[in-house]
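My entries follow in the order I made them.

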Amino acid sequence: MSYNGAAVIAMTGKDCVAIASDLRLGINQNQTTAVDYSKLHKIHDKLYLGLTGLISDQLTFIQKMRFKHEMYELRENRVMSPKVFGAVVSAALYEKRFSPYYTEPVIAGLDKDGKPYITSMDLIGADASTDDFVVAGDNVESLLGGCETFYRANLEPEELFTVISNCLMSGVNRDCLSGWGGVVTVIHKDGSFTRTLKGRMD
């Protein structure tokens with residue numbers, strides 16, 4: 001799971017949600033091949049999927065999830081809610097449990113009522129939804145430590161951006177397999193915004 005390196009965090013606020021990832025893409029733990037690779041994937045305006053793990057499985061899995069969402073949208077004439085999308089992701093991982101995708105997804109979004117939803121899963125789809133924060137990647141201990149230190153309930157969108165940025169940067173600075181900057185997307189009831197973070201490049 002640490003072959004390519006990754007760090008992803010999702011965090012809830014007051015009628016908003018944020019998801020962040022680092023930008024490093026490495027090979028075999030000792031070679032950096034890209035410093036601008038975001039692990040965040042937009043499903044629709046109010047829903048994002050973050051993927052960690054093996055890059056080839058990430059790309060295969062996001063194509064499969066986009067296909068499933070587009071088929072649902074054509075059939076139902078509406079987009080998936082974050083909770084429904086989480087169930088689809090979990091089922092897709094579990095059906096491959098004997099030869100799994102080496103990826104751990106993090107899902108963040110707002111439902112039609114503007115309520116935030118976040119969850120993370122292991123590589124066979126075991127759901128771990130919560131109402132504060134979830135992390136995935138190589139150095140989850142440092143990411144969790146930062147989140148437990150900085151997180152507060154009912155943060156406004158700008159406050160949430162500051163908190164999740166601090167959590168990501170403090171976590172990846174203690175991990176040589178992730179980092180090299182980051183990207184943060186905050187989704188709120190009036191839209192969303194994405195910002196890039198500068199980090200240590202060593």
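**Entry 1: Thr119**

I listed the contacts of Thr119 (heavy atoms within 4.5 Å), leaving out residues up to four places away in sequence: Pro105, Val106, Ile107, Asp127, Ala128, Ser129 and Val134. I am working from a predicted model, where local features need pLDDT of at least 70, side-chain atom pairs count only at pLDDT 80 or more, and totals for chains, interfaces and linings use all residues. Residues are numbered from 1 along each chain as its sequence is written, and side-chain values use heavy atoms, with hydrogens and water left out.

Thr119 lies in strand β8, residues 116–120; strands (E, at least two residues) and helices (H or I, at least four) are DSSP runs numbered from the N terminus. Its relative accessible area is 1%, so Thr119 is buried (buried is under 20%, exposed over 50%, partly exposed in between, with a 1.4 Å probe and protein chains only). From Thr119 to Val134 I read 6.5 Å, C-alpha to C-alpha, at a separation of 15 residues in sequence.

**Entry 2: Arg195**

I found Arg195 in strand β11, residues 191–197. With a relative accessible area of 31%, Arg195 is partly exposed. Beyond four places in sequence, Arg195 touches Glu158, Phe161, Gly182, Val183 and Val184.

**Entry 3: helix α1**

I checked the length of α1, residues 55–76: its 22 residues should span 32 Å at 1.5 Å a residue, and the end C-alpha atoms are 31 Å apart, which agrees. The expected span is 1.5 Å times one less than the number of residues.

Which residues of α1 are buried? They are Ile55, Asp57, Gln58, Phe61, Ile62, Met65, His69 and Tyr72. Down the axis of α1 they fall within an arc of 140 degrees, so they line one face; the arc is taken over directions from the helix axis to the C-beta atoms. Turned away from that side are the exposed Gln63, Phe67, Leu74 and Arg75. The buried residues pack against β3, β5, β6, α2 and β7. Just after α1, I noted a positive phi of about 60 degrees at Asn77.

**Entry 4: α1 against α2**

I read an angle of about 130 degrees between α1 and α2, with axes 11 Å apart. The contact is made by Phe61, Met65, Lys68 and Tyr72 of α1 and by Val84, Phe85, Val88, Val89, Ala92 and Leu93 of α2.

How values were computed:
Axes fitted to C-alpha atoms, helices over the stretch in contact; angles between N-to-C directions.
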